[in-house]
Amino acid sequence: MNATALDGLKVLELAEGVAGPYCGRLLAAFGAEVIKVERLQVGDWTRGAEPILPDVEEPESSALFLYLNTGKKSVTLDWRCANNRSTLDGLLESADILLDSSPSGTLDGLGLGFDQLHNKYPGLIAISITDFGNSGPYRDWKSTPLVSLALGGYLYLSGDENREPLMLPGYQADYLAGLHGYLGATTALWSRDYTGEGQQVEVAVIESLAALHQFTTVMHTYSNVVRSRHGNRFEQSGVYGRYPITMLPCKDGHVSFAVSIEHQWENMCTLIGRQDMLSDPRFATFPERRQLAPEIDDILIDWMKDKTKEDIFREAAGIWAVPVAPVSDLEEVMNDSQYQSRGLWTTLDHPVAGKLTYPTLPVQMTETQPTFDRAPTLGEHNLQYLCLDRQTQR
Amino acid sequence: MGPLSNIRILDLTRVWAGPLALRMLADFGAEVIKISDPRVPVDRESGTNNKLNRNKLGLALRLDEPEGRQLLLDLTNISDVVIENFRPRVMRNFDLTYEDLKTVKPDIIMCSMPGFGSEGEYAEYPAFGPSVETMTGISSLMGYPGGPPMVSGIAYPDPLAAMNGAGALMSALLHRQRTGQGQFIDLALSEGPVCQIGEHIVAFSRTGTQPLRIGNTHPNHAPYGVYPCSDDDQWIAICVTSDNQWAILQKLMGNSDGDDSRFASSASRVSHRAELDELVGQWSVKHDSRELTVTLQSLNIAAGAAVNNWQMLEDPHMNQRGFMMDIDEPDLGVKRYPGQAIRLSSTPATKQNPSPQLGEHTRQLLHNLLSMSNAEIDRHAEHGIIGLMKE
């Protein structure tokens, strides 16, 4: 029987949307009991968000909701209403973690500010994940995944150089904030083991993006260069430039290259039968190769035009140790033997949405492997946690 | 200093994902000892290494020499975590697998972060963020409408592996705290992005339909996208999600066709997206991206300038919140970096030490942790087993 890392911990999730609930999903996967408090009748807004599964009854039809809320319990409660305060207090009483995403000031306005909570529940860890945080001039601003990427400095870096920048698909900014929330929660739990005291964990989505750049800001502070976007090609400036790091067409699709180390370049030239390039002074260094990107692209495209992406991957990466990979669509990803053999997928049967395949997490752990159960139906656990009949409450 | 100061980590990782994972914990006070090859100079010039390794200690050690390996085992014996991101065969060749480490420290937590995981068909394939990214499905969703798949251009799998790795390590540490049990964590760089398009995987498993690439657009809302601004290569994201917001924007744009039926409802705006985007673009291009952001946000419309590196560093919001971190680099002067996004109210991340020089703490660590004499340390240095920072 698999142990779980957070066994015995209780989380009260008031959070809605993607960032907070993704943090909650991780807490549940590592073994915490996560009680999700949803709005009456409609629930978390993601219950109405794309992608919507055809022929599945609302509010259980959103693939986004089903994915983000695996392993949680659902109760419906208008927790902002004073009449329900004793019910909320009852839930808080036994909670180790409060996970919230409401706009800045909401909890304070309800007498649930951190200081008040801390007085009453000294061990409680209160996590707040919002777009801009609880202070500063943007505190009350509105965001979307696109706006967060823009202000967090990610948007500017992707897309064609002569077109508008291109966003990462879906909810990337929010997922990254959720990961920050999980690390903040576990760090606060570690601290609590020694002090007995809970504390507040605050994460702003735009800061979690700004924090995760590789060399974006140091290109300015160290080299006084603006980092910009280059289509599928990686950065080109001076010491930051490497090549070929790009995506190129082959017989049946596209492949990507990430040649970043000298011996990989040597192997690549040998693999494609162009050892002459190794002694050609024009290709002597990575920065010079980066400037010759169009010429290198032509050479590689010509070498690949009759080869499939699968063959190129196995030959280049498997035999010649050149970092190359196929560009896969979702079907190819789901059929990939490596992901399957690693156990990246799990199939969960939901009473309304039925059997679906879900990604788990990118880790395999020998003692505390994350576990996944289906998402709850709206108010499914009202009876258990609120002592209320589910239908009355809804 | 910091909530994790009683955790000692041996950091054998290189490049981006691994170093960032441990820097997250180092920011919160973990004693992260970065073990590097004494023959390989540390890059202090580009800034990348300095950014990803702040708050760590530097120990230069040859893992491929028997005496160096023994020193690593001696250090493992008094550490909590060992982490590496080589290809799997490298640690096998050093005889430093989890089984080897467990022999000297039964409750050690070891984390490996190779490209495709430690086992399976692709285990030994080389992998970097920009290549594995395209195998995760995210590229198949990324692209301009009607265009080919695209890559992020920023090695997107790396920061995801870092965050998942740091989270898994904390989970394992909490588990050890409660049970006394260590474990092995096998993290695949190639899997992080898959878990951040989970909604599309779940839907695909039912419908079998590959979603269209929609660029910056939204299926149900318009105008929603990225529009040009007045300066060269300056852009703003504007997301109108209600009729009321559209009315406000229209008024701001001074659009005389206020009652244009093409744009009356969300649905009709979506079906006339191209004309609408052109109108908004003709207006936005006369404005400064950051000023326009403030104007639109004051009217409750979600908007954000697509900031570049120096604009992000001077962002008034993050600066006012004290997010940026100034570090005094001994050889370079004070440099400003993005700080730690996780704000803990009673045990905040306050450490701001510069990343170590090659072997900067070798002598200190071997002396303090392994009680080695200066003579022993010097002998190892002469034999090239360890590296000492040049005085």
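Reader: Which residue of strand 3 of chain B stands opposite Ser36(B)?

Author: It is Ala60(B). Please keep in mind that this is a predicted model.

Reader: What makes strand 2 and strand 3 of chain B a pair?

Author: Pairing takes at least two bridges found by DSSP. Four bridges join strand 2 (residues 31-36) to strand 3 (residues 57-61) of chain B, so the two strands count as paired. They run parallel. Helix 16 (residues 362-370) of chain B packs on the sheet there, touching strand 2, strand 3 and strand 13 of chain B. Its direction makes about 90° with that of strand 3 of chain B.

Reader: How do you know that strand 12 of chain A pairs with strand 6 of chain B?

Author: The same cut-off of at least two bridges applies. Three bridges join strand 12 (residues 363-365) of chain A to strand 6 (residues 183-187) of chain B, so they pair. These two run antiparallel, and Met365(A) stands opposite Ile185(B).

Reader: In what order do the eight strands of the open sheet come?

Author: The order is 12(A)-6(B)-5(B)-4(B)-1(B)-2(B)-3(B)-13(B), with mixed pairing.

Reader: Why is one side of strand 12 of chain A and of strand 13 of chain B left without a neighbour in the sheet?

Author: Both stand at the edges, and each has a single partner strand, so one side of each has no neighbour in the sheet.

Reader: Which helix lies across strand 12 of chain A together with strand 4, strand 5 and strand 6 of chain B?

Author: That is helix 8 of chain B, running at about 165° to strand 6 of chain B.

Reader: How many residues of the two chains are in contact?

Author: 121 residues of chain B are in contact with 125 residues of chain A. Helix 8 (residues 157-179) gives the most to that side of chain B, with 15 residues. By class, the side has 66 nonpolar, 41 polar and 14 charged residues.

Reader: Now to helix 10 of chain A. Why do you say that its buried residues line one face?

Author: The buried residues of helix 10 (residues 262-271) of chain A are Gln264(A), Trp265(A), Met268(A) and Cys269(A). Seen down the axis of helix 10 of chain A, they fall within an arc of 135°, so they line one face of the helix. Helix 11 (276-279) of chain A is included in what covers them.

Reader: Which exposed residues does the face turned away from the buried side of helix 10 of chain A carry?

Author: Glu262(A) and His263(A) are the exposed residues on that face.

How values were computed:
Residues numbered from 1 in each chain as written. Chains lettered and ligands numbered in written order. Predicted model: local features only at pLDDT ≥ 70, side-chain atom pairs only at ≥ 80, totals over all residues. Contact = placed C-beta atoms within 7 Å. Nonpolar A, V, L, I, M, F, W, Y, C, P; charged D, E, K, R; others polar. Axes fitted to C-alpha atoms, helices over the stretch in contact; angles between N-to-C directions. Buried ≥ 20, exposed ≤ 12 C-beta atoms within 10 Å, placed from the backbone. Arc of directions from axis to C-beta.
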